[in-house]
Amino acid sequence: MDNLIEIPWDALAEDILNALVEEFVTREGTDYGQQEVALERKVAQVVNGIRRKDYVIVFDTEAESTHILTGQQWREAVRQ
């Protein structure tokens, strides 16, 4: 997908990164199982995952929006 550009997490200000991740973890359909997890903990888990490349931040040039993809989704998108 030529319309997706990876955004390095460390190029973002910390407050921007946290806001992006907070939007991601509060999206409808995001499920953390039967036990409720605090928002701060969810954000920290995803930020750590981004640092480990479990998640990738991308900018969609066609939709002009930013998304978080799993590492697997990103690898599949790059192969296409």
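Is Lys53 buried, partly exposed or exposed? At 45% relative accessibility, Lys53 counts as partly exposed. The scale runs like this: buried means under 20% relative accessible area, exposed means over 50%, and partly exposed lies in between, with a 1.4 Å probe and protein chains only. Lys53 sits in the loop between α2 and β2. Its phi is near 70°, a positive value in a residue other than glycine. Most residues other than glycine have a negative phi.

This is a predicted model, where local features need pLDDT of at least 70, side-chain atom pairs count only at pLDDT 80 or more, and totals for chains, interfaces and linings use all residues. Residues are numbered from 1 along each chain as its sequence is written, and side-chain values use heavy atoms, with hydrogens and water left out. The confidence score, pLDDT, is the predictor's confidence in each residue, from 0 to 100. The protein chain has a mean pLDDT of 88, and 90% of its residues reach 70 or more. Confidence is highest in β2, at 95, and lowest in α3, at a mean of 88. Where pLDDT is low, the predicted coordinates should not be read in detail.

Now the strands. Helices (H or I, at least four residues) and strands (E, at least two) are DSSP runs, numbered from the N terminus. Two strands pair if DSSP finds at least two bridges between them. Strand β1 covers residues 4-7 and strand β2 covers residues 55-60. They run antiparallel, joined by four bridges. Strand β3, residues 65-70, also pairs with β2 in the antiparallel sense, over six bridges. Val58 in β2 stands opposite Glu6. Val58 also stands opposite His67 in β3. Phe59 has Thr66 as its bridge partner in β3.

β2 and β3 form a hairpin, with four residues between them. Glu64 is found in this loop. Its phi is near 50°, another positive value in a residue other than glycine. Glu64 counts as exposed, at 63% relative accessibility.

Next, the loop between α2 and β2. Arg52 lies there. Arg52 is exposed, with a relative accessible area of 54%. Its C-alpha atom is separated by 9.5 Å from that of Gly71, 19 residues apart along the chain. Asn48 belongs to helix α2, residues 39-51. Asn48 counts as partly exposed, at 35% relative accessibility. Asn48 and Phe59 are 11 residues apart in sequence, but 20 Å apart in space, C-alpha to C-alpha.

What holds the nonpolar side chains together? A nonpolar core is a set of buried Ala, Val, Leu, Ile, Met, Phe, Trp, Tyr and Cys residues joined through side-chain atoms within 4.5 Å. The largest core has 11 residues in all, including Leu17, Phe24, Val43, Ile50, Ile57 and Ile68. α1 and α2 each supply at least two of its residues. α1 gives the most, with five residues. Apart from this core lies another, of six residues, among them Val58, Leu69, Trp74 and Ala77. Contact means heavy atoms within 4.5 Å. Not counting residues up to four places away in sequence, Ile50 touches Trp9, Leu17, Val21, Tyr55, Ile57 and Ile68.

Aromatic rings come next. Rings of Phe, Tyr and Trp (its six-membered ring) pair if their centres lie within 6.5 Å; planes under 30 degrees apart count as stacked, over 60 as edge-to-face and the rest as tilted. By this rule the count is one aromatic pair. Phe24 and Tyr55 form it, edge-to-face, at 5.8 Å centre to centre and 70° between the planes. Phe24 lies in helix α1 (residues 14-25) and Tyr55 in strand β2, so the pair ties together parts 31 residues apart in sequence. Phe24 counts as buried, at 17% relative accessibility. Tyr55 is partly exposed, with a relative accessible area of 24%.
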